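Thanks for making the time.

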Amino acid sequence: MLTLTGIEDVRGYVGKELGVSEWHLVTQEAINEFADVTGDDYWIHTDPVRAADTPFGGTIAHGYYTLSLAPMFSYAMFSLEGFAFGVNYGVNRVRFPAPMPVGERVRMRAKLLAVDDVPGGLQLTVQQTFEREDADKPVCVAEALTRVYTG
């Protein structure tokens, strides 16, 4: 796991890969639980029988389910030390270029794109690319914003 300590260490990592996560199996159970929590029970995600007749051949993960894996993957890949705390500040852009079939595996690749000063700390822009195993196109690409504060 990569550990970046303090402002200068973080600044020195701009343009570099922060890591690549382990593979994660997307299960129908997890998709159904996500549907229950979010109220998004659209059949393409939750009805394997009906979804079998689509071009996808089965259910696919919600795009936002895939994106919701970002914290889990990030915490396993890198840590930021020497800051009092950090918060999710938002996302500049999110795209879902390809479906994520249930029963397949996904991982995330993270790259530090920018570090900007904000009052009391830094704003980090991290490109998060979610890759489906043995696929040519990513299933999600996002520019996540995190703010870390020194005091």
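**Salt bridges, rings and a pocket**

Glu 17 is partly exposed, at a relative accessible area of 40%. Keep in mind that this is a predicted model. The partner of Glu 17 in a salt bridge is Arg 109, and the closest N and O atoms of the two are 2.9 Å apart. Glu 17 belongs to strand β2, residues 17–20, and Arg 109 to strand β6, residues 105–118, so this contact ties together parts that are 92 residues apart in sequence. Arg 109 also counts as partly exposed, with 26% relative accessibility.

How many salt bridges does the structure hold? The count is six. I will take two others besides the one just described.

One is between Arg 107 and Glu 131, whose side chains meet at 2.7 Å, N to O. Is Glu 131 buried or exposed? With a relative accessibility of 17%, Glu 131 counts as buried, the cut-off for that class being under 20%. Through shared partners, salt bridges join Glu 17, Arg 107, Arg 109 and Glu 131 into one network.

The other is between Arg 132 and Glu 104, with 2.8 Å between the closest N and O atoms. This pair also links distant parts of the chain: Arg 132 sits in strand β7, and Glu 104 in the loop between β5 and β6, 28 residues apart. Both ends count as partly exposed, Arg 132 at 22% relative accessibility and Glu 104 at 28%.

Now the rings. Across the whole structure, a search finds five aromatic pairs. In one of them, Phe 73 and Phe 130, the ring centres are 6.3 Å apart and the planes are at 45°, so the pair is classed as tilted. Phe 73 comes from helix α6 and Phe 130 from strand β7, 57 residues apart. Both of these residues, Phe 73 and Phe 130, are buried.

Another pair is Phe 85 with Tyr 149. Their centres are 5.1 Å apart and their planes at 25°, so this pair is stacked, given that planes under 30 degrees apart count as such. Phe 85 is in strand β5 and Tyr 149 in strand β8, 64 residues apart.

The charged end of Arg 147 is over the ring of Tyr 89, 3.6 Å from the centre. Lys 16 lies over the face of Tyr 13, at 5.2 Å from the ring centre.

The largest pocket has a volume of about 570 Å³. It is lined by 22 residues, and those closest to its centre are Pro 71, Ser 74, Tyr 75, Asn 88 and Thr 146. Which elements each supply at least two residues of the lining? They are α6 (70–77), β4 (78–81), β5 (85–95), β7 (121–132) and β8 (138–149). Strand β5 gives the largest share, six residues. By type, the lining divides into 15 nonpolar, seven polar and no charged residues.

That is the end of my part.

Key
Residues are numbered from 1 along each chain as its sequence is written. This is a predicted model: local features need pLDDT of at least 70, side-chain atom pairs count only at pLDDT 80 or more; totals for chains, interfaces and linings use all residues. Side-chain values use heavy atoms; hydrogens and water are left out. On a 1 Å grid over the protein atoms alone, a cavity is a set of points where a 1.4 Å probe fits but cannot get out, and a pocket is an open set with protein on both sides within 12 Å along at least five of seven lines; lining residues have an atom within 4 Å of a point. Grid points are joined across faces, edges and corners, and a volume is the space filled by probe spheres set on the points. Helices (H or I, at least four residues) and strands (E, at least two) are DSSP runs, numbered from the N terminus. Ala, Val, Leu, Ile, Met, Phe, Trp, Tyr, Cys and Pro count as nonpolar, Asp, Glu, Lys and Arg as charged, and the others, Gly among them, as polar. A salt bridge is a side-chain nitrogen of Lys or Arg within 4 Å of a carboxyl oxygen of Asp or Glu. Buried means under 20% relative accessible area, exposed over 50%, partly exposed in between (1.4 Å probe, protein chains only). Rings of Phe, Tyr and Trp (its six-membered ring) pair if their centres lie within 6.5 Å; planes under 30 degrees apart count as stacked, over 60 as edge-to-face and the rest as tilted. A charge sits over a ring if NZ of Lys or CZ of Arg is within 6 Å of the ring centre and within 35 degrees of the ring normal.
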